[in-house]
Every structure is written in structure tokens, then in C-alpha cells.
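Student: I would like to learn how to read helix packing and aromatic pairs in a model. Could we work through some cases together?

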Amino acid sequence: MEEFQDPEEPGRHNNTSEIRSLEHNQRKWWISVFSCGFLILTGDSLVMLLLNFYYDQDNRSENDQDRQYRGTWTQALLQSVAFPILIPLFFILPKPNPETVSDQTENRHPPFLRVILLYLSLGVLVSVYSKLYALARLYVGWGILVPAQLILTSLLSAFINRLKFNRWIIISIIFTLAADFFCSPAFSGTPTEDESYTLGIKAWLILIFPTLAFSLSLSLTQLGFEKVLVKTKRYGGNKKVVFRMVLEMQIFVCFVATLICLVGLFASGEFKELKGESERFKKGRTYYALSLLGLALSWQVWGVGMLGLVLLVSGLFADVVHMCASPVVALLVVLAFDFKDDEFGWQRRGALLGAVLALACYFYYLHKTKRKEIAELKKRENDSNSEEA
């Protein structure tokens, strides 16, 4: 009897350990997903609050219209310039275990030039949508920007990343679009009625190109993680080193975007206006500097969360979470700024409910996917046990 059980027990033990290992990895995966979602919510909230504070204190409505749309290179630069704060964290995080790199992976790692091209292309896209989004916020506000962005992200995810849509993802997208349509956050820089004549072909081009650049950057980032960065020799196909890969991507892409935005800042002569902006600031130069510093740090928090969800799930899911934060951000803006003729009425309550339902649908789809992985592993275990019997 013992001779019959001895060869069987190791197989059962291995299968059981595989299931436990998968369940443990999935728990860590869920923790990472919720952590990145929290970073996005925190970054979105801080960015919108500080942007409202900045444009309210800058008092642009009392200035001439030409000045109304200046300072966009500065705002674009703030989205990437604070990347050095991530460098110490990058070196603190543990490196991938070199023993996990197989010989086959080591022989097939992508060339260094491909990684450089990835960072350069993403850096250019980040600088483009940062600059154009800064303009679009002033020309057309937030109401049209966000829905157009999600629609383009969905289309590009289908064509570039071969994302397969199901009913839960489609329902989540619909709820997200509805929530953002009825509840875009209030913004101090939105053009007033007497400035509505500026909304022409130029404004629509400024609307289309940043949303296209942002959506394309999400799809290419996901493709870069899956096809380039994960397969490099230093990671060796080890996708478990999530935050180290995210920080590497964020640091190098922001470095390229910062260089481009600095060139634009000095080439346009906008750097000469920084002194005037600090003098116009109602709260004084100290608050002006602190608002810019807070914006730069908040953008990094948001960027790390976005890249984390792109790596863990997909670019589309990252965009959905980003957009579902809008009703919460709108509530914070209403509570924080008394100058807004706004209230958290039934539309905003409905948008908040829509955002919750959108996230619930997408998370339910992810939950089903993870449970299916465990069920398939258990099925293979049962099949192997039945064959041995």
C-alpha cells in the first residue's frame, strides 16, 4: 500500500502548492491594483484642486484675452518635471532575481535600441498631450475632453492591444461616459460666455489631438510593457516586479518629456512671464511656488498609478479608473472652493453612482477572470489525478 501511494503524493503536493501559489499571487495582484487605483484618485484630486487654486489666484479673468491662454508650457512641464523624486525609490526597490531569467529569455531579450525608441516615442507623446491638454482645458474645458478620450482609448486598445470586449467591459464604458458627461469637475480656467467666440476649428483641433496622443500613449505603454520592457534581460519575463518596471518607465519617459517641454518653454519666451505670474498671484510668491510644486508632485503620483494599472491590467482599465475619479474630484472641488456657483445636486449624485457601477462591472469581470484561472488549474489537477489512478 505504501509503495502505491509514494509516487502519487509528490504530484498531489505539487498541484496543491501551485494552487496556493496562484491564489497568493492573485491576492498580491489585487492589492497592487487597488493601490494603483488609490494613487490615481489621490493624484486626480490633488491636481484638480491645485489647478483650480492656481487659476483662481492667478486672476486671469481680469487680464487681456491674449494672456488668458498663456502659461501652457509651464503647465505641460509640471506634468513631468518632478520625476527625480522617483529615482531614490527606484534604487530602493529590490531588483529582479537573476536566477529567474531563463536561457531562452536571455537569448531573446530585445535590443537596447528598441527600449530607447520606446522611451523616446512615449516621451514625445507625453509632451504633446501635456501641452495640448493645457491649451484644451482653457479653450473648451473638461466636459468634452474626457468622453472623447475614453472613446479613443477603447478604439486603440482594440486595434493595437487586441483587447477583447465583453458585455461587462462595454457596460463599464457606458456607465463611465455617462458619469463624466453629467459630472465633469468645475475648473477655474474654463472660458466664460464672452470668450465663446474662440471656440472654432482651432479649439476642435486642440481637443482632438491631445485626446488622441493620450490614448495612443496608453496603448503604446501597454504594448511596451508586454513586448519590450518585460522581456528585457534585467527583468527576464518576470512581470512580478511591478513597481520597479513602472518607476523605470515613468522616470525615463518623463525625462524625455521634460527636455521637450523645457525647449518649448524657452523657445516660446514663456519663461519670461513666470515672474509676472508670481507677482499677479493673489496669495503671493510663496503660495505661487508651493502651488507649482504641489502640482508637479501630484502629477507624479497620478502617473505612477496610471502606469501601474496599465501594466497590471490594461490601458483601457487605467483610463476607466481615471475617469471614474471625476465625480469624487467634482465633490472635492465643490467643498473646497466657495467661488464656484456649483452644488452637488442630483446630477452629480447620479454621476457618482454611475462611476461606482462602472468600476463594479469592470472589477467583476476581472474577478471572473481570476477565478477562471484557479478553476482551470484545479481542473488540470483533477485530470492528472484521474490519469494516475
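This is a predicted model: local features need pLDDT of at least 70, side-chain atom pairs count only at pLDDT 80 or more; totals for chains, interfaces and linings use all residues.

Student: How does helix 13 pack against helix 14?

Tutor: The angle between helix 13 and helix 14 is about 140 degrees, with the axes 7 Å apart, which makes helix 13 oblique to helix 14. Roughly antiparallel would need an angle over 145 degrees. The crossing of helix 13 with helix 14 is right-handed. In this contact Trp302, Met306, Leu309 and Val310 of helix 13 meet Gly315, Phe317, Ala318, Asp319, Val321 and His322 of helix 14, a set that divides into seven nonpolar, two polar and one charged.

Student: Is helix 9 roughly parallel or roughly antiparallel to helix 14?

Tutor: Helix 9 (residues 167-182) packs with helix 14 at an angle of about 30 degrees, with the axes 9 Å apart, and that makes helix 9 roughly parallel to helix 14. Helix 9 passes helix 14 in a left-handed crossing. Ile169, Ser172, Ile173, Thr176, Leu177 and Asp180 of helix 9 meet Leu316, Val320, Met323 and Cys324 of helix 14, and by class the contact of helix 9 with helix 14 has seven nonpolar, two polar and one charged residues.

Student: Turning to the rings, how many aromatic pairs does the structure hold?

Tutor: The structure holds 22 aromatic pairs. One of them joins Tyr119 and Phe252, a stacked pair with 5.2 Å from centre to centre and 10 degrees between the planes. Tyr119 lies in helix 7 (residues 112-139) and Phe252 in helix 11, so the pair ties together parts that are 133 residues apart in sequence. Tyr119 is buried, with a relative accessible area of 5%, whereas Phe252 counts as partly exposed at 41% relative accessibility.

Student: Why is the pair of Phe317 and Phe363 called edge-to-face?

Tutor: The ring centres of Phe317 and Phe363 are 5.5 Å apart and their planes stand at 90 degrees, so the pair is edge-to-face. Phe317 lies in helix 14 (residues 315-324) and Phe363 in helix 16 (residues 346-388), so the pair ties together parts that are 46 residues apart in sequence. Phe317 counts as buried, at 0% relative accessibility. Ring pairs also link Phe317 and Phe363 with Trp29, Trp30, Phe34, Tyr362 and Tyr365 into a cluster.

Student: Which residues does Leu366 touch, leaving aside those up to four places away in sequence?

Tutor: With those left out, Leu366 touches Trp29, Trp30, Val313 and Phe317. Leu366 is found in helix 16 and counts as buried, at 7% relative accessibility. The C-alpha atoms of Leu366 and Ile169 are separated by 9.7 Å, although these residues are 197 residues apart along the chain.

Technical notes: Residues are numbered from 1 along each chain as its sequence is written. Side-chain values use heavy atoms; hydrogens and water are left out. Rings of Phe, Tyr and Trp (its six-membered ring) pair if their centres lie within 6.5 Å; planes under 30 degrees apart count as stacked, over 60 as edge-to-face and the rest as tilted. Helices (H or I, at least four residues) and strands (E, at least two) are DSSP runs, numbered from the N terminus. Buried means under 20% relative accessible area, exposed over 50%, partly exposed in between (1.4 Å probe, protein chains only). Contact means heavy atoms within 4.5 Å. Axes are lines fitted to C-alpha atoms, for helices over the stretch in contact, and angles run from 0 to 180 degrees between N-to-C directions. Angles under 35 degrees count as roughly parallel, over 145 as roughly antiparallel, 65 to 115 as roughly perpendicular and the rest as oblique. A crossing is left-handed if the near helix is turned anticlockwise from the far one by less than a right angle, and right-handed if clockwise. Ala, Val, Leu, Ile, Met, Phe, Trp, Tyr, Cys and Pro count as nonpolar, Asp, Glu, Lys and Arg as charged, and the others, Gly among them, as polar.
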